[in-house]
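Please keep the sequence and the model in view while reading.

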Amino acid sequence: MKKDFYEILGISKNATEQEIKKAYRKKAIEFHPDKNPGDKQAEENFKQAAEAYEILSDPNKRAKYDQYGHQAFDGGGGFGGGHGMNMDDIFSQFGDIFGGHFGGGFGGGGGGPRRFKGSNLRIKLKLTLEEIVNGVEKKVKVRRKKLASGVTYKTCSTCQGSGQVTRVTNTILGRMQTSSPCPSCGGVGKTIDSKPSHADAEGMVMEEETVSVKIPAGVQDGMQLKVSGKGNDAPGNGVPGDLIVAIEEVEHDTLKREGENLHLDLYISFPEAVLGISKDIDVVGGKVRIKLEAGIQSGKILRLKGKGLPNINGYGKGDLLIHINVWTPQNLTKDQVKFFESNLEEDHFKPNPDKSDKSFFEKVKDMFS
């Protein structure tokens, strides 16, 4: 079982942004690989602290973690993305935390050159409720930088192919060896030897590619999916970046979403309310017939179990809540007016709620309890 992120950093669940940053800075210094050469447990603690900071420092990711825990990032196509962080990802955080003090790598403990990673691409993808309820596979066209055919590279003479330059700094903790990207090759470890004339200075060309994106059932507006390796290629035959897909939910004509639950305003006529009626109503992907009993009151909420949206982590489905609204006519004929006037004093037409008829505030309380 994974350790709680708050426990890893040694902070409370109501910790402020500055307290999170301060706690991570302390852990990073304590378990930094240059300070603990060859210590596998220290390296693992270092990675855990970085992962915890990556989630808790982002308000959106922190909110998802507080609600769903590790499950929010373990399934459904790679949400959030703290899991599986490599050392390049971790050291990229340090510009914010340490003002660039630690540079970009292991220093003396790195064990060889790193592979340069291309930049990520971001797109928005609109989805309907019908697509969200079952999940869907979408084909999207993406313009991405790709390594041009015929490009050749040679080892960088400044860093000898490591992509890093190393320096020793005197700190309050003693002498610390740190690394930063090579200024000559930008951290790639290679420089272009030859390239075709149509390629840019990095040996890249822009091409359009159709990418398949698998959308898990139950995604929500604002969630992000990661398609690995479909961002821009990296110079020097490095690792391609990723394609980040932001979900944008298209508003449904009649259904309103609240998490996994759906809400429907159903308007019925006064005669329908008095006599009762069967009606076909919209559900995601079709219709379902419901029966309204005679004398149904405006404001009543009917709940259809399991007719909502699936939980993204596979924990069942939400419900469909039908809000009954009795429509009061405004333009009546003379005969209709006479009918209602003759029944003003009739006991059958006088409000007579019993204890089972809940007030508006009680209904709201039930919805959120």
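**Overview**

Gln160 is found in the loop between strand 3 (152-155) and strand 4 (164-171); helices (H or I, at least four residues) and strands (E, at least two) are DSSP runs, numbered from the N terminus. This is a predicted model, in which local features need pLDDT of at least 70 and side-chain atom pairs count only at pLDDT 80 or more, while totals for chains, interfaces and linings use all residues. Residues are numbered from 1 along each chain as its sequence is written, and side-chain values use heavy atoms, with hydrogens and water left out. The protein contains 11 helices and 15 strands.

**Burial and contacts**

- Of the 369 residues of the protein, 38% count as buried, where buried means under 20% relative accessible area, exposed over 50%, and partly exposed in between (1.4 Å probe, protein chains only).
- Contact means heavy atoms within 4.5 Å. Among the contacts in the protein with a separation of 6 or more, 66% are accounted for by residues 24 or more positions apart.

- Gln160 has a positive phi of about 60°, although it is not a glycine.
- Gln160 is exposed, with a relative accessible area of 61%.

**Nonpolar cores**

- A nonpolar core is a set of buried Ala, Val, Leu, Ile, Met, Phe, Trp, Tyr and Cys residues joined through side-chain atoms within 4.5 Å.
- The largest nonpolar core has 22 residues, and those with the most contacts inside it are Phe5, Leu9, Ile11, Ile20, Tyr24, Leu56 and Tyr65.
- At least two residues of this core come from each of helix 1 (5-9), helix 2 (17-31), helix 3 (40-56) and helix 5 (71-74). Helix 3 gives the most, with eight residues.
- Not counting residues up to four places away in sequence, Tyr65 touches Asp4, Phe5, Tyr6, Ile55, Leu56, His70 and Phe73.
- A second, separate core of 19 residues includes Leu264, Leu266, Leu309 and Ile322.
- In soluble globular proteins, nonpolar side chains tend to be buried together.

**Packing of helix 2 and helix 3**

- Helix 2 and helix 3 pack at an angle of about 165°, with their axes 9 Å apart. Axes are lines fitted to C-alpha atoms, for helices over the stretch in contact, and angles run from 0 to 180 degrees between N-to-C directions.
- The two helices are therefore roughly antiparallel to each other, a term for angles over 145 degrees.
- On the side of helix 2, the contact is made by Ile20, Lys21, Tyr24, Lys27, Ala28 and Phe31. Helix 3 contributes Ala42, Asn45, Phe46, Ala49, Ala50, Tyr53 and Leu56 to this contact.

- Three strands form an open sheet of mixed pairing in the order 1-9-8; two strands pair if DSSP finds at least two bridges between them.
- Strand 1 (121-127) and strand 8 (224-227) are the edge strands, each pairing on one side only.
- On average, neighbouring strands of this sheet are turned by 30° against each other, direction ignored.
- Strand 8 and strand 9 (residues 243-249) run antiparallel and are joined by four bridges. Gln224 has Ala246 in strand 9 as its bridge partner.
- Strand 10 (residues 255-258) pairs with strand 11 (residues 261-269) in the antiparallel sense over four bridges, and Lys256 stands opposite His263 in strand 11.
- Strand 10 and strand 11 form a hairpin with two residues between them, and Gly259 in the turn has a positive phi of about 65°.
- Strand 11 also runs parallel to strand 15 (residues 320-327), to which eight bridges join it. Here Ile268 stands opposite Val326 in strand 15.

Terms used. Parallel < 35°, antiparallel > 145°, perpendicular 65-115°, else oblique.
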